[in-house]
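Subject: Handing over the structure

Hi,

Here is the structure I promised to pass on. Have a look at it first, and then read on for what turned up in it.

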Amino acid sequence: MKPFRRARDGAIVAVFEREEAEIIARLASESAELVEAVRSGVDPASDPALLRLLPDAYPDDAEASVEFRRFTTDGLAERKALNAVTVVEALSAAGGVGNSGGGGSARGRVEVRLDAQEATAWMRAIGDIRLVLASRLGIVEDGDDGDVHDDETAMLRAIYDWLAFVQDTLVGAVWKDAR
């Protein structure tokens, strides 16, 4: 991956290897499906990852929590799903997922160009993906190693760490314009 940077035209640009783009697109799609399940009636408390994405506002007051969720869960889940879809659509338009059209090259690289609104959606979606991965790995706070006990969890941990880098370069590129 070539990190996110601000282009002269103001776009936020990064170049991913095709495999990297496919990983991000798959994880974003899974994140969207996860929060969409809540809109279909799945209780967020039924999955630790969902509970990380849609935390309990009043953990010590069940009645207040139910009431809060009744008014906020659908809208929050919808926004999270839309952010994830924005990631998938940007990668698809760049030729990073599906067929090899768009901005992908013969070398298997995918250039993503984002406007400010898309960059914000990407930051949020990557944060959500990392929350899901952290939940699956047992990472509760910074500095936790999580439960890495086999090749699959080691790969999830590597992706979790790599997405931190991706998000950091994205924030840096967006912040550069704000300074």
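Let's start with serine 31, which is buried, with a relative accessible area of 6%. For that word and its relatives, buried means under 20% relative accessible area, exposed means over 50%, and partly exposed is what lies in between (1.4 Å probe, protein chains only). Serine 31 sits in helix α1. Helices (H or I, at least four residues) and strands (E, at least two) are DSSP runs, numbered from the N terminus. Along the chain, serine 31 and alanine 81 are 50 residues apart, yet their C-alpha atoms are separated by 7.1 Å.

Before you go further, note that this is a predicted model: local features need pLDDT of at least 70, side-chain atom pairs count only at pLDDT 80 or more, and totals for chains, interfaces and linings use all residues. Residues are numbered from 1 along each chain as its sequence is written, and side-chain values use heavy atoms, with hydrogens and water left out.

Now for the inside. Which residues touch the most other members of the largest nonpolar core? Out of 46 residues in that core, they are Phe4, Phe16, Leu91, Val112, Leu114, Trp122 and Leu163. Two or more residues each come from β2 (12-17), α1 (18-39), α2 (48-53), α3, β3 (109-114), α4 (116-137) and α5 (151-178). Helix α4 gives the most, with ten residues. A nonpolar core here is a set of buried Ala, Val, Leu, Ile, Met, Phe, Trp, Tyr and Cys residues joined through side-chain atoms within 4.5 Å. As background, nonpolar side chains tend to be buried together in soluble globular proteins.

Next, the charged pairs. There are nine salt bridges in the structure, each one a side-chain nitrogen of Lys or Arg within 4 Å of a carboxyl oxygen of Asp or Glu. Two of them lie along helix α1:

- Arginine 26 meets glutamate 30 at 3.4 Å, N to O; the two are four residues apart in α1, about one turn of the helix. Both count as partly exposed, arginine 26 at 41% and glutamate 30 at 39%.
- Glutamate 36 pairs with arginine 39, with the closest N and O atoms 3.4 Å apart; here the spacing in α1 is three residues, again about one turn. Glutamate 36 is partly exposed at 29%, and so is arginine 39 at 36%.

Another salt bridge joins aspartate 128 to lysine 80, with the closest N and O atoms 2.9 Å apart. This pair links distant parts of the chain, 48 residues apart, with aspartate 128 in helix α4 and lysine 80 in helix α3.

Last, the outside. Glutamate 63, in helix α3 (residues 62-93), is exposed, with a relative accessible area of 68%. Glutamate 152, in helix α5, is exposed as well, at 58%.

Happy exploring!
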